[in-house]
Amino acid sequence: AGQKVYICAEPRRGGGRLFLSALIEDHQHAPSSPSPPSAIHGSVAIVIGPEGGWAEGEIDAVTALVPEVSAVALGDGGVLRAETAALSALALWAGFSAWHPLEGEGKEH
């Protein structure tokens with residue numbers, strides 16, 4: 001399994017799909033896997049940018065290093081402080097993981 005990177009960005013600065021939507025879509029498009037996306041069986045990085053957003057070209061630079069990168073948004077346009085964005089992303093990840101437990105884990109943690 002590979003590595004999947006989700007870069008959290010403001011919608012106006014390159015954040016595309018909502019983070020939870022991206023997780024669900026990645027799960028649905030995973031090749032013949034009843035579990036979460038195949039990348040989840042490898043490693044996943046959730047990257048939060050600095051307050052003020054990413055500088056031009058930074059998301060492209062990460063994409064050049066890691067092929068499985070998705071720019072995602074944590075909301076519909078509001079700007080979050082970096083520490084709030086991190087907690088929001090982790091809460092969404094935890095909810096998704098509870099809904100689709102990692103391979104070999106039960107629903108109770």
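Helices are DSSP runs of H or I with at least four residues, strands are runs of E with at least two, and both are numbered from the N terminus. The model is predicted, so local features need pLDDT of at least 70 and side-chain atom pairs pLDDT 80 or more, while totals for chains, interfaces and linings use all residues. Residues are numbered from 1 along each chain as its sequence is written, and side-chain values use heavy atoms, without hydrogens and water.

Helix H1 (residues 19–28) packs on helix H4 (residues 82–99) at about 30°, their axes 10 Å apart; axes are lines fitted to C-alpha atoms over the stretch in contact, and angles run from 0 to 180 degrees between N-to-C directions. H1 is therefore roughly parallel to H4 (under 35 degrees). From H1, Phe 19, Leu 20, Leu 23, Ile 24 and His 27 meet Ala 89, Leu 92, Trp 93, Phe 96 and Trp 99 of H4, contact being heavy atoms within 4.5 Å. This H1–H4 contact has 9 nonpolar, 1 polar and no charged residues (Ala, Val, Leu, Ile, Met, Phe, Trp, Tyr, Cys and Pro are nonpolar, Asp, Glu, Lys and Arg charged, the others, Gly among them, polar).

H4 also gives two or more residues to the lining of the largest pocket, as does strand S4 (69–73). A pocket is an open set of points on a 1 Å grid over the protein atoms alone, where a 1.4 Å probe fits, with protein on both sides within 12 Å along at least five of seven lines; lining residues have an atom within 4 Å of a point. Of its 23 lining residues, Cys 8, Ala 9, Glu 10, Leu 80 and Ala 85 lie nearest the centre.

Terms used. Angles under 35 degrees count as roughly parallel, over 145 as roughly antiparallel, 65 to 115 as roughly perpendicular and the rest as oblique.
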